[in-house]
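Thanks for opening this one up with me.

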Amino acid sequence: MRIGFGVLSNVSYRKLYSAQVIALAGTGLTTIALALLAYELAGEAAGQVLGIALTLKMIAYIFIAPVISAIIPGALRKQVLIGLDVVRALCVMALPFVTEIWQIYVLMFLLNAASAGFTPTFQSIIPQLFDHDDDYTKALSLSRVAYDLENLLSPTIAAILLLFVSFESFFAANSIAFLLSALLVLSASVPPLLLEEKRDPFRRKLTQGFQIYLKTPRLRGVLLLYLVVAFAGAMVIVNSVVLVREQFGLGESALALAMATFGGGSLLAAFMVPPLARRFGDRNVMFWGAVTLLAGIGLVALGFGWFNYALMLLVWPILGLGYSFVQTPAGRVFKRSANEEDLPKLLSAQFALSHACWLLAYPTAGFLPNVVGMGNTLVLIAVLCAAALLLGARVWPKESYAPLEHKHEELYHDHVHFHGEHHQHEHEGWEGEEPHAHLHRHEEIVHSHEIKIDRHHPVWPTRSAG
């Protein structure tokens, strides 16, 4: 179960990973401080304030990420990341000075809009730093570890710090964390996108990631697995407190332990993914994760009448395992599903669509128990997870990376390109060094190779090679 910390020998990755860890640590403290600030301003209505703030967060993630990806030039990704870190630092720095609830909403929307631009752009750089998929898998696992450690350690660290300082100081700490992140990004080397087409219309830049996502069978399967993650994860995140405090009549420490077991399961899975993905493939690991999530939710739903805290401590780590098994290998699938110049747009589409799943799941997990009861809610969510899992298995072919035989009609177009499998044309000398752009002709051809949706393959071929 070695996770392979050797990838940290890559200097640029080490700096970017350090930036991620520092920013996450600060964000974890801000999450807790925001809850305390909401209670200070709104009292018993603090839950409503946080609910609206989280909804605004999801709206920013869903709608802002693709727009920022469309307007960011590939050559300026590093500068944009630095700028977004500074914006995040300024937003957090302003939070201690708010006096009205609406000010929280404005600052949280701006903060999360900046994060919606930062995260997919940051993620698009990492695969360019590694030549081998195995190293990239280890880097993905390290990122998962960072998220899980933040979830596990931030509440504990916050509880200790609150003995000595006020919660307002957490905002200052997060601002410093974002500025340190900006400095680390500044010192890292960020590869350029060699084939970026700057002349593409805004509409294509905005929609290309979604086109790739929804036209690629394996990615439609990934989206359905993310529905399983969102609905099962929302039950844990939203209703653990209800189960522990109301159903079992236990205190805050019991809730903290339950959430720690969930995070611990996810952390363990992050260490297991590299060897499992190498041996069994991404699809199998991700489906095992979805089946694990379904089994955990199904077990609680079927046995809700006798479900107790001891069983919770057994089931929650299993749910954590499934949670991480689905999400950690997904980056490899995205990398293999788009050309380098399209990967930032695909990751932005993934960021938006996955958070759309959470936007559906959070209200379902939060409000449905009040209408039909917790037991019936668990049954309904288990049925939804099962349906998504079965449909995902149907739309994601087992041999999804196999070459497909397909036909290209004769085509004239103009875009940035290297000469390769799809570009075998003559030059007159004025076109310049590769990569270059000029009007060129593609002859009609039938050939076979691994497919990625792009300007040469706008639809997925249906006839396989051989």
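1. Start with helix H8 (residues 217-247) and helix H14 (residues 374-395), whose axes come within 8 Å and cross at roughly 165°. That angle makes H8 roughly antiparallel to H14 (over 145 degrees), and the crossing of the two is left-handed. The model is predicted: local features need pLDDT of at least 70, side-chain atom pairs count only at pLDDT 80 or more, and totals for chains, interfaces and linings use all residues. Residues are numbered from 1 along each chain as its sequence is written, and side-chain values use heavy atoms, leaving out hydrogens and water.

2. H8 also packs with helix H11 (residues 309-327), at an angle of about 150° and with the axes 10 Å apart. H8 and H11 are therefore roughly antiparallel to each other, and H8 passes H11 in a left-handed crossing.

3. Next, have a look at Leu153, which is found in helix H5 (residues 133-161). Leu153 has 43% relative accessibility, so it counts as partly exposed (between 20% and 50% relative accessible area, with a 1.4 Å probe and protein chains only).

4. Gln123 lies in helix H4 (residues 101-125) and, at 31% relative accessibility, counts as partly exposed.

How values were computed
Helix = DSSP H or I, 4+ residues; strand = E, 2+ residues; numbered from the N terminus. Axes fitted to C-alpha atoms, helices over the stretch in contact; angles between N-to-C directions. Parallel < 35°, antiparallel > 145°, perpendicular 65-115°, else oblique. Left-handed = near helix turned anticlockwise from the far one by under 90°.
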